[in-house]
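Let's walk through this one together, question by question. Have a look at the sequence and the model first.

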Amino acid sequence: MVSDAKHEKPARSRLEEMVPTHLRHRLVHQDSNEWTTYSRSGEPLVREQPHNLTWVVTRFARECGIDPKEILVAYRTGDFGGSRVDLDIKEATFVDDGNPVALLGAIAEHMEKGELDALPEGPHMDPAWVILREGYDPAHELEVESLLTVSNGYVGTRGTLFERGSPLGPGTLVAGLFERIKEDNPIPALVAAPEWVRVRISILPEESEEEREEETASSFENDILGGTYQQNHRVLDMGSAMLWRELKHQDPAGRVTSVRGFRLASQEDRHLFLQSFTLIPENYSGRLRVEAEADLYPSKHKSYLNPYPSRIAIVRARAGKGEPIIVNYSYAGGAQISVAQIGVLNVTGNRLMHPAVSRIENRVANHWEFEAELGKEYRLDRFVSIFTSRDSRKPAKQSRAHVTSMAERPMETHLRSHLDNWKSRWSVANIEIEGDPASERALRFASYSLLSAANPDDDRVSIGARALTGNSYFGHVFWDTEIFMLPFFICVAPDVARSLLMYRYHTLTGARKNARKNGYRGAMFAWESADTGEETTPRHMTSPSGEKIRILTGDQEHHITADVAYTAWQYYLYTGDRGFLAGPGAEILMETARFWASRVVRKKDDGKFHIEHAIGPDEYHEDIADNAFTNEMARWNLRQAATVARELTRSPETRAGVLELLDRLRVDEKELSSWTEIADDIVIAKERDGVTEQFRGYFGLEDQTVSLERQPGGADFRVFLDIETLGRTQLLKQADVVMLQYLMSDQFSMEQKRRSFEYYETRTLHGSSLSPAIYGLMAARLEKGESAFRYFKMAAEVDLENNMGNASGGLHSAAQGGLWQGAIMGFAGMQASLEGLSLSPKLPAHWRELRFQVHWRGQLLLIRASNQRLEMENSGWEPVLVGARGSGLRELAPGAARKWKPVSENHWQEVA
């Protein structure tokens, strides 16, 4: 940070000349009139006039997720009247320098050379920040690969062993790049991207140089696949988003080689992927060969779920300093992926050895051969760049330029930028639990999984059901994203939430096509969506006996249309982003309301509107009528669209834009009124003994119940019965009415929620990973503490313990989002309204305190909750309204905190 108060402001060009573009985002420049930050692309962003230096430092720290003690303030004597102004920022480091701009340039030069920070020596030492997997078990390798994925929302790479690869084929997926699978019912699927982490290490036989030249890389018998692992463990460091590998390998001759290093997908530069490791000959000296290869898809690695490249071309493969290997993968539909790599081997001290290039069989590789000495370290650094046809018409040209530029800088420079970015995210996303490190770790894993799946810079992609961790569901996007994942992003990373909702906005054209194709108006969001928003649900599946079974979800599970609209409103509710609401949000609300107005059918016998031929969240019951969840979500959608349209036209700041939107959509007052009238006349679900009937006729089905002890992970044996058999019973797949009473909480009394929960709990099989977290959340709100934590633990173990048995196909991203909601909306009891934010903690007995942060109306709130105390602190710049259950809402000023304590079961009282 530089202050030039009372001095002539240096030329902008001089400042930018001293600080390289990729480092400028770490800089704030202040003078008497303004303060300037720099974007991550190096462009200056002029901000408003600062109140004082404390204000600038504090705001910079909060916006960038930096601890004030890590900030350097460089200034000239007298800039602040001979003092450091107030001491509120005493944690920062102050340097009295005659030329603060030159000082910044010198610091930038050190950063560029990597002289400030060395590479980390290993993962986080706190077990609550890491996921560790020891050994190698082929029977469980696929689920381990999913668990240890590194991703940055653009590309995800599973935790495959660098020397083996994956038995399922390439473990890398690129967001938004779809091709059609060739089968009798073609559907789009994320393409199988090339493996960029493959490395081979071989101990060469002792022979003459002439004999060695006749050998090929494929003939070496002593590569790391031979012999045995003495030690082999992988550690995912969630704090730094790095996958660490440490192994000791013994070959048949007894020679032991240790390898230690990491891989990462840069969060700072989403086209950059890094791999670095050090190898040590533990008990021998000899000649080693190291190969860093670009996998050319040998047929044995062909994935059965992903489109396969129709053409593979080696664009460039030359030996020498800074020369990249570039491989281009082309697919039948026109998609392309280009992968460029440069590797450097440090052989002795700082002597760098540049690679040769070999083309053997189905691969091309950089390779190094050198004489290795007993006990000495040899470090390989790899820089990999990936671009696709979504980025450019010539992705190979882009990947070449990019990797060449990246390799000119030390690994430390890129690593520091990556770590800074994750540090900023974790400064908001981190959750701390006193008294339960296992739950703390599970929530961090959920946050890590969600953050690493998102790319706020690309609002034309969303997060699929398994994100970029596996190929189950072909990369398709479901309601999982809006209802389960987006609440996390809305509270923790609103920029990501907006981007994900913009994906739905950009796919409105596809949603309109879906509606027209099915005879409806407006926009009908696809149950399974890919890149265009058109319906991509497979029409059938093949049973183990070879029978083709019709899939009806794409035809009947229409509640997703209201789910998207509901989440668009929730985003506005939490963020106050009126620009979004008046633009994309309003269009989504109105086009989905128009769909529901055409989807309902009025019956003559009762004069009410009904929704026939539907599937609710509980997919064991198909082709049903008046599903309570679907009806109520449709009712809400119709009312909310009319309300928002009218309110926005009354507001001077949004009136003109919304009137233009209404005119473009040809929505008039008559249609708005019709939406309200239809909503009022949609049939309401029946009740029996205070229990909301899931759908018309449900109570008349064969009543079977579930033993809760048989549900450690949704594994009740009856889940394997066919849908037709299950459909004749009251057994459920997942939360349905219970989900409705969570989302529409204000419409149901506590007694209605309690009765419905207790009824459906004993009939739910939890055959979906989405279910346990919602049951846990509602159990917490109903003060069923033991059940709440049991469901919370079940949700936490969906991936960490693979309790559903299908983590091999990728992580369950909705379960991760549901787990976060279980903790924050359930145990902490957080609820939002137009008026303000309130909490009512009901923590598990062994949780002494829960600490977390959320964004609320543009301000960051720090919340500390226990069963005896609640505290909220406003770290933002504007006042907000907050409260605890029964205490009413109070203004919370910037920099201030409020505290409450419970005085009765349903009432908290504010304390001084």
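Helices (H or I, at least four residues) and strands (E, at least two) are DSSP runs, numbered from the N terminus. This is a predicted model, where local features need pLDDT of at least 70, side-chain atom pairs count only at pLDDT 80 or more, and totals for chains, interfaces and linings use all residues. Residues are numbered from 1 along each chain as its sequence is written, and side-chain values use heavy atoms, with hydrogens and water left out.

Q: How many helices and strands does the chain have?
A: Counting those runs, the chain has 23 helices. Its strands come to 41.

Q: What share of the residues of the chain count as buried?
A: Buried means under 20% relative accessible area, exposed over 50%, and partly exposed in between (1.4 Å probe, protein chains only). Of the 912 residues, the share that counts as buried is 60%.

Q: Where does helix H14 bend?
A: H14 covers residues 578-599 and reaches 29 Å from its first C-alpha to its last, close to the expected 32 Å. That expected span is 1.5 Å times one less than the number of residues. A bend is the angle between axes fitted to the seven residues ending at a residue and the seven starting there. In H14 the bend is about 45°, and it sits at glycine 585.

Q: How many of the residues of H14 are buried?
A: H14 has 22 residues, and the helix is mostly covered. The buried ones number 17.

Q: Which residue meets arginine 504 in a salt bridge?
A: A salt bridge is a side-chain nitrogen of Lys or Arg within 4 Å of a carboxyl oxygen of Asp or Glu. For arginine 504 the N to O distance is 2.9 Å, and the partner is glutamate 482. The pair links helix H10 (residues 494-506) with helix H9 (residues 479-492), 22 residues apart in the chain.

Q: Which residue forms a salt bridge with arginine 498?
A: Arginine 498 lies in helix H10, and its partner is 79 residues away in the loop between helix H13 (559-575) and H14. At 29% relative accessibility, arginine 498 counts as partly exposed. The closest N and O atoms are 2.8 Å apart, and the partner is aspartate 577.

Q: How many salt bridges does the count come to?
A: Another pair is aspartate 555 with arginine 550. By the 4 Å rule, the count comes to 53.
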